[in-house]
Amino acid sequence: MARPRIRSGNLPAEATTFVGRRRELAEIRQKLTTARLVTLVGPGGVGKTRLAIRVGTDLERGFADGAWLVELGEVSEAAVVPDAVLAALDLRDQAAAKPMEILVAHLRARRLLLLLDNCEHLLEAAAQLVSEILRAAPDVRVITTTREPLQVPGEYLVPVPPLALPPMDGAGPLAELQQNEAIMLFSERATAASGAFELTTSNRAAVVSLCRRLDGVPLAIELAAVRTSVLSVEQILDRLSDR
């Protein structure tokens, strides 16, 4: 019912380095050896999508039919969720069949990893779709990202917290501070944005304060780091009070 596969996945290439998350990566990989549905749960901006894509990239070679990302963030109607999955899998429209029937027929004999991203506003539809896929396709594994669990039988939850924060006083050797996840992310993104940023003894206190003020949320840290192309860390920190 579907045209022959040419690609073995559609995961986007990573444009920037992946920082931290060793514990979460290990947990997700281990869980996917037994669980067929792993849900990454956490607030917006915490890095669930990036984490899911990294896991998919690491594991896609173990799936004969690849790893596929379905972005649901721009999908507003529950009824078209199956269509979004079909589009991501690059399947032809079948006017004589329902989207869910096409999808199930395609996946039934496939061995692949399916990533459903940003399910929180379509929980019921996403849960129904995942349930049907898991029943019909025994060799399909699913990772979902959402702010709330799907409440599907067999679902394994992996909470995605903010990045580990440095001590409030930022004390200790500079080399040790550089290994902190939040500091590492800010430093790498600031270096890329400004071309000249370097964590030093003179700016360490401001960088520590900035990462702590941003609660270790990766998106917030990255947005702040981009500003180092025109502002100092101290100036960025001062502007955090200006909403």
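The legends below describe close-up views of a predicted model. Residues are numbered from 1 along each chain as its sequence is written, and side-chain values use heavy atoms, with hydrogens and water left out. Local features need pLDDT of at least 70 and side-chain atom pairs count only at pLDDT 80 or more, while totals for chains, interfaces and linings use all residues.

**View 1. The largest nonpolar core.** This core has 37 residues, and those with the most contacts inside it are Leu103, Leu114, Leu116 and Leu129. A nonpolar core is a set of buried Ala, Val, Leu, Ile, Met, Phe, Trp, Tyr and Cys residues joined through side-chain atoms within 4.5 Å; buried means under 20% relative accessible area, exposed over 50%, and partly exposed in between (1.4 Å probe, protein chains only). At least two residues each come from β2 (67-71), α3 (81-88), α4 (99-107), β3 (112-117), α5 (123-136) and β4 (140-146). Helices (H or I, at least four residues) and strands (E, at least two) are DSSP runs, numbered from the N terminus. With nine residues, α5 gives the most to this core. Apart from it lies another core, of 23 residues, including Ala182, Ala206, Leu214 and Ala224.

**View 2. Surroundings of Leu103.** Leaving aside residues up to four places away in sequence, Leu103 touches Val85, Leu86, Leu89, Leu129 and Ile133. Contact means heavy atoms within 4.5 Å.

**View 3. Thr145 in strand β4.** Thr145 lies in β4 and counts as buried because its relative accessibility is 2%. The side chains of Thr145 and Asp117 are joined by a polar contact of 2.4 Å. A polar contact is a pair of N or O atoms within 3.5 Å; within protein, one must be able to donate a hydrogen and the other to accept it, and residues adjacent in sequence count only if both atoms are side-chain atoms. Not counting residues up to four places away in sequence, the residues that Thr145 touches include Leu40, Lys48, Thr49, Asn118 and Glu120.

**View 4. Two loop residues with positive phi.** Asp90, in the loop between α3 and α4, has a positive phi of about 60 degrees although it is not a glycine. Asp90 counts as partly exposed, at 29% relative accessibility. In the loop between β3 and α5, Asn118 has a phi near 65 degrees, a positive value in a residue other than glycine. Asn118 is partly exposed, with a relative accessible area of 24%.

**View 5. Cysteines.** Cys119 is buried, at 0% relative accessibility. Cys211 is buried too, at 0% relative accessibility. The count of disulfides (pairs of cysteine sulfur atoms within 2.5 Å) comes to zero.

**View 6. The cavity.** One cavity of 30 Å³ or more is counted. On a 1 Å grid over the protein atoms alone, a cavity is a set of points where a 1.4 Å probe fits but cannot get out, and a pocket is an open set with protein on both sides within 12 Å along at least five of seven lines; lining residues have an atom within 4 Å of a point. The largest cavity holds about 30 Å³ of space. Its lining includes Thr49, Ile53, Leu69, Asp117 and Thr145. Two or more lining residues come from each of α2 (48-59), β3 and β4.

**View 7. The largest pocket.** About 540 Å³ of space lies in this pocket, where a volume is the space filled by probe spheres set on grid points, which are joined across faces, edges and corners. Of its 29 lining residues, Gly47, Lys48, Thr49, Arg50 and Leu51 lie nearest its centre. The elements giving two or more residues to the lining are α2, α7 (181-194) and α9 (218-226). The largest share, five residues, comes from α2.
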